[in-house]
Amino acid sequence: METNAILESYFRSVWKIFIGSQQSSDKAVTRRFSLLGQILEVVFSNKQLMPYITPALEHLADTTAGNSKLTVCVWDDVTTCSVMPPPPWIGHALKDHRGHIEGLYTNRGDIRGFNQNRIKAAYNWSAGSLSMYDPDQQIALYWTRDARTLPAYETSAPLRSILNWWAEERGCHFAHGAAVGTVHGVVLLAGKGGSGKSTAALAALNHGLSYISDDYCLVAPEPTPTAHCVFSSAKVDPGSVSRLDHLAKACSTAGNPDDEKTVLFLYPHFAGQISRNQPLRAILLPRITGKPDSALSPASRAECIKALTVSMMCQFPGAGKKAADMMIRLADALPCYTLDFGTDLTQAPDIISSLLKQKESTHS
């Protein structure tokens, strides 16, 4: 049986398990959210699952009437007493060019041999979560064995593979980056983990700047480069919270005790600074220097494209040429700079504000 048929059959059987889980547990709960001007419905098999998914999405909550453009079904085995059947790709492991058996899953969650199908599927082995999406029916499934053990990177950016597949159909894709700004627009802080994206973004929040993302920003290169806020959350090293004491009220008290990062849910505490979407004016590549002062300098197109594409391609299942081309068009449309991020946290927000004011006068 070809992999398309295998995935379609498995999708139907798993969807039936979700429907059965609603009947064997507490009453199902449906929450509606607005993204890219469209309504998304997230259906939980019971309310016990909601604290692990909804906090990062609450700023997108929508109670208006209207048909949804995507339905996401969420459940786990523990709270519903359901049992997920073995996945059909077991036994379909592939051989590499040397004849060695490769692992079933890539580091970013692709299922080898099943990542070019109509139905999208990804398995996050470290979180123990399965995401599936049927674009024809606009239905997605998200399952995990035990929601209580989901790591911080899942609860702070929930359902991101599903939302990325859906958004890509609409000309958007997640960039691995932070986005902050002013009334004049926002900058995208792009780069690998540990480069200072989160610290710079949260320092900007403390400085009164508008906030769109800390780690995963949905971007659209056309018709005008735009950044969209999906997750009103942030992850920081525990030691950084003391340096950003204004964030203490946003610290989450729930989560996996093994998490290495502290999760912050910025809504509703910083509701006035969270922006749904804003035009992008520049791309900044942060670099921690250890020096007290921050500084801005021009960066090359090649540096910008590398920062946008490499990290993104390593993290999102199914990301390929279409996603890379989107990031290249974004880099071609915007000026790019290196931000040498200093230990004086008050300087970077001033630099960002000045840059945006300058870019606004250019656009006027």
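**Cut-offs and Conclusions**

Biologist: Why is Leu36 called partly exposed?

Modeller: Leu36 has a relative accessibility of 25%. Buried means under 20% relative accessible area, exposed over 50%, and partly exposed in between (1.4 Å probe, protein chains only). The value of Leu36 falls in the middle class, and therefore Leu36 counts as partly exposed.

Biologist: On what kind of model do such values rest?

Modeller: The model is predicted: local features need pLDDT of at least 70, side-chain atom pairs count only at pLDDT 80 or more, and totals for chains, interfaces and linings use all residues. Residues are numbered from 1 along each chain as its sequence is written, and side-chain values use heavy atoms, with hydrogens and water left out.

Biologist: What makes the backbone of Leu36 worth noting?

Modeller: Phi of Leu36 is near 55 degrees, a positive value in a residue other than glycine. Most residues other than glycine have a negative phi, and most peptide bonds are trans. Leu36 lies in the loop between β1 (29-35) and β2 (38-44); helices (H or I, at least four residues) and strands (E, at least two) are DSSP runs, numbered from the N terminus. Cys81 also has a positive phi, of about 60 degrees, and is not a glycine. Cys81 is found in the loop between α2 (77-80) and β4 (120-124).

Biologist: Why is Cys81 assigned to its accessibility class?

Modeller: The relative accessibility of Cys81 is 71%. That value is above the limit for the exposed class, so Cys81 counts as exposed.

Biologist: Which peptide bonds are cis, and what are their omega values?

Modeller: A cis bond joins Glu222 and Pro223, with omega about -5 degrees. Pro223 is placed in the loop between β10 and β11. The bond from Tyr267 to Pro268 is also cis, with omega near 10 degrees, and Pro268 lies in the loop between β13 (262-265) and β14.

Biologist: How many aromatic pairs does a search of the whole structure find?

Modeller: The search finds 9 aromatic pairs. One of them joins Phe174 and Phe231, at 5.6 Å centre to centre and 15 degrees between the planes. Rings of Phe, Tyr and Trp (its six-membered ring) pair if their centres lie within 6.5 Å; planes under 30 degrees apart count as stacked, over 60 as edge-to-face and the rest as tilted. The pair of Phe174 and Phe231 is thus stacked.

Biologist: Why can this pair be said to tie together separate parts of the sequence?

Modeller: Phe174 lies in strand β7 (residues 173-182) and Phe231 in the loop between β11 (226-228) and β12 (233-236), so the pair ties together parts that are 57 residues apart in sequence. Phe174, at 0% relative accessibility, counts as buried, and Phe231, at 3%, is buried.

Biologist: What makes the pair of Phe174 and Phe316 stacked?

Modeller: The centres of Phe174 and Phe316 are 5.6 Å apart, with 10 degrees between the planes. This pair links distant parts of the chain, with Phe316 in the loop between α7 (301-315) and α8 (321-333), 142 residues from Phe174. Ring pairs link Phe174, Tyr216, Phe231 and Phe316 into a cluster.

Biologist: How do you know that the span of α8 agrees with expectation?

Modeller: The expected span of a helix is 1.5 Å times one less than its number of residues. The 13 residues of α8 should span 18 Å, and its end C-alpha atoms are 18 Å apart, so the two agree.

Biologist: Which residues of α8 are buried, and why are they placed on one side?

Modeller: Ala323, Ala324, Met326, Met327, Leu330 and Ala331 of α8 are buried. They cover an arc (taken from the directions from the helix axis to the C-beta atoms) of only 155 degrees, which puts them on the same side of α8. Lys321 and Lys322 are exposed on the other side.

Biologist: How do α7 and α8 pack?

Modeller: The axes of α7 and α8 are 9 Å apart, at an angle of about 150 degrees. Axes are lines fitted to C-alpha atoms, for helices over the stretch in contact, and angles run from 0 to 180 degrees between N-to-C directions. Contact means heavy atoms within 4.5 Å; Arg301, Cys304, Ile305, Leu308, Thr309 and Met312 in α7 meet residues of α8 including Ala323, Met327 and Leu330.
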